[in-house]
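Work through the exercises below with the sequence and the coordinates at hand, and try each task before reading its solution.

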Amino acid sequence: MVLAAWEWLPRWAIVNAELLPPLSDVLAMFFTILGRSQVQEAIGVTTGEVVLAFMFAVPIGAGVGVLVAESEYFGQIFRPMLFYVFSIPKSIFLPMFILVFGIGFEQKVAYAAFSTVFIVIMSAAAAVESVKADHVLVARSYGATRTQVLTRVYVPSMLPFLLEALRISMIFNFTGVMIAEMYASRSGIGQLIASWGENFQMPQLFAGVVLLAAAAIGFNETVRWLEARCSAWRT
Amino acid sequence: MQRVANLSELRAKEAQAAAIEVAELSHVYLGREGKVPALEDISLDVGAGRFVVIVGPSGCGKTSLLMMMAGLRRPSSGTILCAGRSIDVPDPDRVGVVFQEASLFPWLTALENIEFPLSIRRAPRLERRRRADAMLDLVGLPGFGARYPHELSGGMKQRVSIARGLVQDPPVLLMDEPFAALDEQTRMTMGHELLRIWSQTNKTVVFVTHSLTEAVYLADEVLVMSPRPGRIIDRVEVTLPRPRTYEMMATDVFGRLRERIWQKIRKVN
């Protein structure tokens, strides 16, 4: 329905085709721009930024989250602080990141990792707290070592929560990279989309949107599928 | 075969001694308002092969006492001997534990749950499977191995828990209110089933509950505990013959035993 409306409303001139090009035009443009080396380069840059930022944010966030949940000492020190920072919109820190890192690749990675790390911390802490004390006791009563308690009780209890956290973190991470690219950049998909918008190149703009949507939905659904497979035991 | 023969010899030796000896045990924990005495001067012997039930009001420390027998907690003072040796850390060779409901790992199937204690000790896969299958049969759940805990009823879950507690063939089985969350009928059936399993396996059982009917029905001996600080205020020898039947619950002997325990608990409250 939506797709059909997208195709025919502009064609019947009910909607201004300049503002909303018909779906078929957008798709045609999508494949055209995919062939352009400029776009391919931008995809490469953006992918690099997203992946690298994620690789920083997830292990650091998970580590801090586990520490906050497991150690009373760290929990009491950092928990209030984390909650405060978590509530602040991260985009207002963007100018500072530009001052420190410039407007290149490093700045995108740093900013995206920064805007993602807090949600990872929160989710990891929640995942640790989801582990039942009873289950730990059972494992200990059968002589499980600390490592075994970790791998046989903590990891399986936490896995579905962690996958969900991964999925949501990626949304934050992707958004972080896009905002940074659109705000100030010389490369990347976000920068291309911003400039297409400024130059009123609507088919290109929508083709870019389709590209990003496909990537985001693709990742999200893959993790969701994994989540479903790993949490068959959850009722 | 050699191992089995040795084992049964060992069992015979153990049978002469007490399976569990608790001597002058006291426990104090640190609460908000300083030291709180939880258990006070507890001494008890559980003979090998006996079925001993501990009853008492909630918060009297009966679960703590059981956890100490399992080596999961250390008492402030006193000693606990299990099969003649002190138990400071959990030792699944000597003691199996059956916990309250919902202690099964929900991400493992029934069979994998039963295998868990064996896999912790890295027993070979085939051996694990064989033992776990035998346990499933023993607790009356053949063919249910592939089910996840959420696909089992409350009673079935506790059967799996019992199987998990027995899978390493420890001489002692400690049970912490295993049927507390079950409805009355299932609870009676499970009690009966437990007696059948107990008589088939010759285990020593220490069973904690707050149900007096359950206590009298199951026990050779009932130990009655006072509210905090928990002390043993009565030891009731249950003289009913075995095997126990549901009909015995309607007898005078049963009623008198139950009444005696109730009076003790009521008085100190």
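Two strands are taken to pair if DSSP finds at least two bridges between them, and the elements themselves are DSSP runs numbered from the N terminus, namely helices (H or I, at least four residues) and strands (E, at least two). The model is a predicted one, in which local features need pLDDT of at least 70 and side-chain atom pairs count only at pLDDT 80 or more, whereas totals for chains, interfaces and linings use all residues. Residues are numbered from 1 along each chain as its sequence is written, while chains are lettered from A and ligands numbered from 1 in the order in which they are written.

**Exercise 1. Determine the strand order of the open sheet of four strands in chain B, and follow its pairings.**

Step 1: Strand β1 (residues 18–31) of chain B and strand β4 (residues 77–82) of chain B pair in the antiparallel sense over five bridges, and Ser26(B) stands opposite Ser77(B) in β4(B).

Step 2: β1(B) is also joined to β2(B) by ten bridges, again with the strands running antiparallel; in this pairing, His27(B) has Leu39(B) of β2(B) as its bridge partner. The hairpin that β1(B) and β2(B) form has two residues between the strands.

Step 3: The order is therefore β2-β1-β4-β5 (chain B), with antiparallel pairing. The edges are β2 (34–47) and β5 (85–86) of chain B, each of which pairs on one side only.

Step 4: Helix α2 (residues 62–69) of chain B packs on this sheet and touches β1, β2 and β4 of chain B, with a direction at about 60° to that of β2(B). A contact here requires C-beta atoms, placed from the backbone, within 7 Å; axes are lines fitted to C-alpha atoms, for helices over the stretch in contact, and angles run from 0 to 180 degrees between N-to-C directions.

**Exercise 2. Describe how helix α3 and helix α4 of chain A meet.**

Step 1: The axes of α3 (residues 37–70) and α4 (residues 72–87) of chain A come within 6 Å and cross at roughly 115°.

Step 2: On the α3(A) side the contact is made by Leu67(A), Val68(A) and Ala69(A), and on the α4(A) side by Phe74(A), Gly75(A), Phe78(A) and Arg79(A).

Step 3: Sorted by class, these comprise five nonpolar, one polar and one charged residues, where Ala, Val, Leu, Ile, Met, Phe, Trp, Tyr, Cys and Pro count as nonpolar, Asp, Glu, Lys and Arg as charged, and the others, Gly among them, as polar.

**Exercise 3. Which element gives the most to the side of chain A that touches chain B?**

Step 1: The contact takes 13 residues from chain A and 18 residues from chain B.

Step 2: On the side of chain A, the elements that give two or more residues are α7 (133–141) and α8 (146–183), and α7(A) gives the most, with six residues.

Step 3: By class, this side of chain A has six nonpolar, five polar and two charged residues.

**Exercise 4. Locate the backbone exceptions at Ala83(B) and Pro229(B).**

Step 1: Ala83(B), in the loop between β4 and β5 of chain B, has a positive phi near 50° although it is a residue other than glycine. Ala83(B) counts as buried because it has 22 C-beta neighbours inside 10 Å, and the cut-offs are 20 or more other C-beta atoms within 10 Å for buried, 12 or fewer for exposed, and partly exposed in between.

Step 2: The peptide bond from Arg228(B) to Pro229(B) is cis, with omega near -5°, and Pro229(B) is found in the loop between β9 (221–225) and β10 (232–237) of chain B.

Conventions. Contact = placed C-beta atoms within 7 Å.
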